[in-house]
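Here is a short briefing to keep beside the viewer while you look around. Please have the sequence and the model open together.

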Amino acid sequence: MTTSTPPSWSAAGLDHALARSRAEQRAALGLYLPVGYPTRAAGLDALHLMAKHADVLQLGVPHTDPVLDGPVIRRAAAQALDAGFRMRDLFDAATELTAAGTTAVLAMSYWKPIEAYGPRAFAEELAASGVAGVLVPDLPETETETETATDTATAVVTWQRAARAAGLHTSTLIPPRASDAHLAALGSVTSGLIHVPATPGLTGARRPLSPYLPHLVRRVRTLTGLPVAVGIGIGTPDQAAQASAYADSVIVGSAVIRRMHAQPGAAAVTAAEAARDFAEGVRRARPPAA
């Protein structure tokens with residue numbers, strides 16, 4: 001069992017958001033947006049409006065090779081990079097959002113941008129900005145499957161130490177077909193939330209949720225002892241309602257960005273409308289099919 005530093009005051013914001021939604025017998029709504037999309041100003045406006053409906057905001061770090069993302073998020077990340085995104089924009093956005101309200105803020109970044117910035121500096125600046133935790137989807141949180149991959153194993157240890165020292169929650173995206181032993185190992189080094197894909201494949205998929213998803217969520221929660229977030233494939237408010245019946249959090253990204261892209265002249269207002277629709281979805285949780 002890995003010894004963790006107690007979560008910082010900012011990390012506690014996620015715990016409070018999950019407790020509030022649990023008291024309302026629903027999942028916490030998490031909304032994802034790459035910082036700087038469609039522009040710095042419009043993106044920040046959108047995030048402020050989305051925060052009025054979300055329990056958690058997940059700020060994405062645009063990256064040139066988002067290997068787990070589908071075309072919607074890829075296009076948004078590319079647009080943010082073309083508009084001049086810099087890592088400072090992430091910290092500034094987080095600082096402004098956490099100062100403005102009670103919505104918990106998480107960050108999502110691939111490993112390469114963190115490595116380039118410096119893991120310790122990245123973690124410290126995120127914590128100082130009020131960010132509660134970080135999901136690094138392409139970095140395994142244990143060495144279970146990477147015992148011979150020295151570079152990856154070193155990256156795992158480096159990030160775990162930096163995040164713990166800063167008091168950040170360290171979220172995990174479970175790998176496909178993870179064994180019980182692997183899930184238990186993930187639980188020992190993860191805090192805050194553990195993420196489960198709603199559908200297989202890349203983000204932005206538009207297909208029905210897996211009928212096995214409720215069982216998977218229960219299995220992951222039992223083996224890790226952690227709240228479970230369902231994302232990657234929540235494309236409609238109805239699907240958010242369905243997942244809210246058994247998940248601790250529902251994460252929506254591509255569906256919001258898709259609407260923003262369709263209304264480029266009113267991206268922030270459109271994002272707010274999408275956020276409201278998904279918030280209504282999680283509040284009318286539907287029990288899973290028998």
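What do E1, helix H2 (residues 40-50) and E2 make? They make a right-handed β-α-β unit; right-handed here means that, with the strands pointing away from the viewer, the path from the first strand over the helix to the second runs clockwise. Helices (H or I, at least four residues) and strands (E, at least two) are DSSP runs, numbered from the N terminus.

This is a predicted model, in which local features need pLDDT of at least 70 and side-chain atom pairs count only at pLDDT 80 or more, while totals for chains, interfaces and linings use all residues. Residues are numbered from 1 along each chain as its sequence is written, and side-chain values use heavy atoms, with hydrogens and water left out.

**The whole protein**

- The protein has 12 helices and eight strands.
- Its radius of gyration is 17 Å, close to the 19 Å that the globule rule gives for 290 residues, so the protein is as compact as a globular protein of that length. The radius is taken over C-alpha atoms, and the rule is 2.2 Å times the number of residues to the power 0.38.
- Taken along the principal axes, the C-alpha atoms fill a box of roughly 50 × 50 × 35 Å.
- Of the 290 residues, 55% count as buried. Buried means under 20% relative accessible area, exposed over 50%, and partly exposed in between (1.4 Å probe, protein chains only).
- The protein exposes about 12400 Å², and carbon and sulfur atoms supply 55% of that area. Accessible areas come from the Shrake-Rupley method with a 1.4 Å probe, and for residues only the protein chains shown count as cover.
- Among contacts (heavy atoms within 4.5 Å) with a separation of 6 or more, 75% come from residues 24 or more positions apart.

- Strand E1 (residues 28-34) is mostly covered, with seven of its seven residues buried.
- Ala28, Gly30, Tyr32 and Pro34 point one way from E1, while Leu29, Leu31 and Leu33 point the other way. In a regular strand the side chains alternate between the two faces of the sheet.
- E1 pairs with strand E2 (residues 56-60) in the parallel sense over five bridges; two strands pair if DSSP finds at least two bridges between them. Glycine 30 has valine 56 in E2 as its bridge partner.
- E1 also runs parallel to E8, joined by four bridges, and alanine 28 stands opposite serine 249 in E8.

- Strand E5 (residues 169-173) and strand E6 (residues 194-197) pair in the parallel sense over two bridges. Threonine 172 has isoleucine 194 in E6 as its bridge partner.
- With helix H8 (residues 180-189), E5 and E6 make a right-handed β-α-β unit.
- E6 pairs in the parallel sense with strand E7 (residues 228-231) over four bridges, and histidine 195 stands opposite alanine 229 in E7.

**Helix H10**

- Six of the eight residues of H10 are buried, so this helix is largely enclosed by the rest of the structure.
- The buried residues in H10 are Pro237, Gln239, Ala240, Ala241, Ala243 and Ser244. They pack against E7, strand E8 (249-252) and H12.

**Salt bridges**

- How many salt bridges does a search of the whole structure find? It finds 12, a salt bridge being a side-chain nitrogen of Lys or Arg within 4 Å of a carboxyl oxygen of Asp or Glu.
- Arginine 284 forms a salt bridge with aspartate 238, with the closest N and O atoms 3.0 Å apart. This pair links distant parts of the chain, 46 residues apart: arginine 284 is in the segment after helix H12 (267-283), and aspartate 238 is in helix H10 (residues 237-244). Arginine 284 is partly exposed at 38%, and aspartate 238 is partly exposed at 41%.
- Arginine 88 forms a salt bridge with aspartate 92, the closest N and O atoms being 3.2 Å apart. Both lie in helix H4 (residues 87-100), four residues apart, about one turn of the helix.
- Glutamate 115 forms a salt bridge with lysine 112, where the closest N and O atoms are 3.6 Å apart. Glutamate 115 is partly exposed at 40%, whereas lysine 112 is exposed at 52%.
- Glu24, Arg26 and Asp55 are linked in a network of salt bridges.
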